[in-house]
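I opened the notebook to look up a few things in one structure. My notes follow in the order I made them.

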Amino acid sequence: MLGVIALVLIFALLGSVLGFSARRFRVEGNPLVEKIDAVLPQTQCGQCSFPGCRPYAEAIARGDADINQCPPGGQDGVDALAELLGVESKPLAAEPRAEAGPVVALIDENTCIGCTLCIQACPVDAILGSAKHMHTVIASECTGCELCLPPCPVDCISIVPVKTGIADWKWPAPDDKVA
Amino acid sequence: MRFATSAPPHLGSGYSTPLLMRSVTLALIPGLAASLLWFGPGVLLQLLLCIVTALGMEALVLLLRRRSLRPLLDWSAILTASLLALSIPPLAPWWIAVTGAAFAILFGKQLYGGLGFNPFNPAMLAYAVLLVSFPRQMTHWAPPLALALQDAGWLDIWQQIIHHSDAMDAYTMATPLDSMKTQLGQGRTLHVIQEDAIYSPLAGKGWQSVNLGFMLGGLWLWRHKLIGWQIPSAFLGSLTLLSMGFFVFAPGEYPTPLFHLLSGGTMLGAFFIATDPVSASTTPLGRLIYGALIGCLVFIIRTFGGYPDAVAFSVLLMNLVAPTLDYYTQPRVYGKPR
Amino acid sequence: MATQPFMPLPGGLHLPTFKTLSASRPLAEAPLPAELVFPLQLRGGINAVPTVSAGQRVLKGEVIARAAFENLPPLHASSSGIVRCIENRLLPHPSAMEDLCIIIDTDGLDEALPLQPRRHFSLESRETLRAWLIEAGVLGLGGAAFPTGFKVDPGKRRVDTLILNAAECEPYITCDDSLLQHFPHEVLQGAIILMHILSVEQCIIGIEDDMPEACRSLENALRARAYSGIRLQRVPALYPSGGEKQLIQILTGREVPAGGIPADIGIVCQNVGTAGAVYRAIEYQEPLVSRIVTVTGHGIHEPRNWITRIGTPIAHLTAASGGYTNAAERLIIGGPMMGFAVSDDQLPVTKASNCILVAGHEDLPEPPEVMPCIRCGACAEVCPAGLLPQQLYWYGRADNQERLEQHELFSCIECGCCNMVCPSHIPLVQHFRASKGKLTLKRREREKADHARVRFESRQSRKEEEKRSKAEATRRKREALNLNTPEVTHTEAN
């Protein structure tokens with residue numbers, strides 16, 4: 001009898017500690033979505049079939065989307081998401097872009113008609129210009145998401161690799177295979 | 001003129017891992033010589049069996065893993081085999097040596113990925129498994145030749161090891177450590193025990209010479225900077241301190257510190273086994289703690305535990321703790337407060 | 001005069017020095033080359049814009065290229081001649097990339113730009129002096145090539161000591177030794193100028209104790225004239241005592257905080273060559289157009305030190321040094337521990353080139369086969385920065401960014417001591433450089449992504465705001481229409 005009473009008291013105590021902690025240390029919002037969003041590359045390109053990186057992050061957190069749908073993040077991004085969520089990594093669903101390395105959009109100024117459709121399409125306001133005036137891509141802000149290409153009525157936007165020089169060069173890893 | 005390129009730094013040194021492993025193996029020679037002198041040539045046959053088995057097993061695994069056989073040349077398998085051969089009784093049946101060496105290489109080393117990846121000392125792992133699985137064979141030690149009841153020539157030794165005749169019992173006698181432990185447990189005082197023939201002023205006959213031999217080899221290794229000073233000195237230091245404390249507290253009931261230092265596998269453990277770089281702690285402070293705790297464990301298990309000698313178990317237990325020690329004893333980085 | 005150093009270097013290695021190779025012949029001016037090559041790439045990925053064009057004649061000391069928008073040191077012609085062209089050439093850089101360079105054909109006259117009269121430096125403001133240093137193109141000559149005019153502008157930080165780095169710790173290199181033996185007064189006068197600009201009263205010259213002639217030369221020079229506040233300090237010859245952070249630690253006991261600069265702890269450190277260049281720039285208005293370069297190694301017949309014009313092709317220097325021996329196998333710009341190997345000897349000498357090492361097989365034997373790490377801990381024992389190279393290696397292989405940063409990967413000075421002692425011959429420093437590159441790239445991508453997210457979110461909120469104000473305006477218009485009855489069109493037109 002004494003044992004039963006003791007156990008009941010212990011369990012009651014533990015239960016109240018848990019309940020108190022649940023109230024006191026409650027976390028607002030869904031921190032997992034923030035963490036997933038922090039891993040995504042923020043190109044807002046929509047290639048994952050969601051309208052932006054945050055909706056994709058929310059879908060992953062809900063379990064509605066797979067982790068390998070983001071081409072700009074690359075295989076590295078998929079691996080990072082896999083590690084974050086504690087699941088097996090998998091290969092990227094989409095094929096990687098033809099050009100390796102970072103790319104930006106380039107407007108052919110001779111062909112541009114100043115229609116502003118690309119400006120409205122760019123998710124990070126990287127195109128400068130206004131109606132009937134020259135449009136140009138601010139290369140340092142462009143994420144290479146390619147959302148400006150479809151709206152252009154004269155097809156004057158192309159995707160070009162970012163020019164790299166010795167400042168961007170990094171030492172390669174040694175190719176020592178452990179015997 | 002055009003040149004080939006390479007990445008900096010461009011200088012190299014002559015020091016290499018095979019050189020280290022070979023030097024450690026060769027440093028076993030003084031102790032081996034003492035063992036030969038005092039306990040007969042059985043240990044040579046055990047060495048041969050262990051080394052051949054170890055190399056064979058390593059070759060087998062490398063072929064299975066489709067790797068090159070070059071690691072056979074790095075002397076690490078030979079070193080593991082030698083340490084094992086020097087730890088098992090010289091007259092143990094041949095299959096003890098073979099099983100032990102095979103286990104050491106297969107389960108103690110190659111299973112984890114080969115050299116550099118094993119968390120436990122392979123020789124000690126094999127020794128512990130043998131001791132637990134075959135206690136009878138592993139606890140039948142030959143007495144020093146001077147005290148043997150019968151002469152054991154080369155042929156007799158061969159018979160013993162390979163053909164495993166039952167006359168083995170006649171050849172064995174308890175080790176000084178074992179005998180000390182049993183008799184202290186029976187209530188006899190140290191003074192009385194030490195009058196026994198197997199003891200000499202320092203420690204057990206034969207065993208003290210073997211330990212001195214290993215100590216000489218170990219000091220040579222330290223002198224040539226092949227092993228650090230932290231682990232041996234911490235090990236021997238803590239063992240001495242603990243045994244001294246107990247001995248001073250109750251002189252008749254505990255053996256002398258010198259006895260502990262020169263019995264069983266103490267010196268072999270201090271200079272050759274605990275200093276195995278792969279399974280030991282790597283930071284200087286971590287190594288001091290590692291060695292000291294091994295010493296404590298050796299004393300505790302020898303005095304209060306179930307086995308007469310405890311080097312193997314102590315080393316294995318501390319191998320488990322080594323990564324934690326490394327994590328908490330990181331040195332201070334330049335430019336950071338702590 | 002020389003007292004005990006403040007504290008010994010933790011870790012470090014005694015390396016064979018091979019300094020006698022190049023120290024036996026006297027310092028001399030290298031003959032003028034037929035062409036001078038000037039790569040246009042400046043710090044931070046900025047390319048200088050040429051201020052001259054093909055066919056133009058330039059004088060020695062004339063500015064030939066400048067950064068378009070940033071205040072960076074310009075490039076100067078190091079001898080008179082005609083600009084042949086501006087074209088892509090192989091760069092003296094480990095990447096073996098090509099980029100634009102200005103090529104000048106020298107005319108042999110070595111005509112210099114005429115000088116303007118100037119007052120004594122003590123009469124000028126410190127900003128003016130710093131601006132002169134920038135304009136004269138003075139960079140750190142110890143190898144890092146940081147613009148000196150910026151380094152001696154500590155801003156809000158309080159600086160109390162100037163350290164001159166004469167601790168030439170890398171094997172083979174003797175250019176600083178040579179400079180100190182032949183031009184000690186230039187260095188000391190330069191130190192006085194730097195002390196004035198920094199408003200400090202003490203200067204310590206750290207010199208290794210295996211440079212006795214240079215020590216004697218400095219001591220004699222210090223005795224000959226009244227240089228107040230300058231003290232010579234010998235330090236044990238141990239690699240890498242000459243690293244800036246390490247020398248500061250040895251001489252003063254202070255440590256540069258991780259991620260910080262020496263000015264954070266009140267110290268500015270300059271190479272003795274830089275001090276000499278400062279003197280020439282301020283006193284003679286001479287832009288930095290030449291430096292002492294050690295040409296050495298067993299692959300060269302007559303190793304020695306040359307006073308070399310910036311832009312001289314390496315082949316010209318090696319030819320002047322007796323040419324290559326049969327043993328010549330590798331060409332390294334810099335020393336054997338931190339220099340980089342290049343494939344072509346037509347590359348030019350830059351302000352950062354302190355040594356041309358033509359190595360034979362005995363200098364740099366073939367790297368032996370790599371074995372697995374046996375966790376021996378020898379690497380940690382010699383690391384001067386107190387790092388755990390073994391852990392950095394394992395985490396680097398696993399690409400574990402968090403742990404690499406925790407173990408202070410970026411505090412690694414890439415000295416190579418760990419490589420030297422590793423019994424398994426693991427190329428540790430190469431792994432660290434690759435890991436640093438990956439981490440830097442990841443950090444940059446993270447920053448770009450965060451920046452893009454901010455822009456996206458502000459655009460979203462702007463769009464919402466536009467939508468809302470439009471809806472509000474429509475609603476107001478509708479209300480206005482509802483209040484008035486038939487004369488809807490009139491009101492709207494109004």
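How many positive and negative side chains does chain A have, and how far apart do the centres of the two sets lie? I found 12 positive and 21 negative side chains in chain A, with the centres 10 Å apart. Lys and Arg count as positive and Asp and Glu as negative, while His and the chain ends are not counted. I took the place of each charge as NZ of Lys, CZ of Arg, CG of Asp or CD of Glu.

**Ground rules.** I am reading a predicted model, where local features need pLDDT of at least 70, side-chain atom pairs count only at pLDDT 80 or more, and totals for chains, interfaces and linings use all residues. Residues are numbered from 1 along each chain as its sequence is written, chains are lettered from A and ligands numbered from 1 in the order in which they are written, and side-chain values use heavy atoms, without hydrogens and water.

**Chain A.** I noted five helices and four strands. Helices (H or I, at least four residues) and strands (E, at least two) are DSSP runs, numbered from the N terminus. Along the sequence I read α-α-α-α-β-α-β-β-β. The radius of gyration is 25 Å, well over the 16 Å that the globule rule gives for 179 residues, so chain A is more spread out than a compact globule. The radius is taken over C-alpha atoms, and the rule is 2.2 Å times the number of residues to the power 0.38. I also looked up burial: 32% of the 179 residues of chain A are buried. Buried means under 20% relative accessible area (1.4 Å probe, protein chains only).

**Chain B.** I listed 17 helices and zero strands here. Its radius of gyration is 21 Å, and this agrees with a compact globule of 338 residues, which would be near 20 Å. In chain B, 54% of the 338 residues are buried. I counted 18 positive and 13 negative side chains in chain B, and the centres of those sets lie 22 Å apart.

**Ser424(C).** Where does Ser424(C) sit in chain C? I found Ser424(C) in the loop between helix 13 (417–421) and helix 14 (428–483). Ser424(C) counts as buried because its relative accessibility is 1%. Its side chain makes a polar contact with the side chain of Thr17(B) at 2.8 Å. The side chain of Ser424(C) also reaches the backbone oxygen of Pro372(C) at 2.6 Å. A polar contact is a pair of N or O atoms within 3.5 Å; within protein, one must be able to donate a hydrogen and the other to accept it.

How values were computed. Buried < 20%, exposed > 50% of the residue type's maximum accessible area, 1.4 Å probe, protein only.
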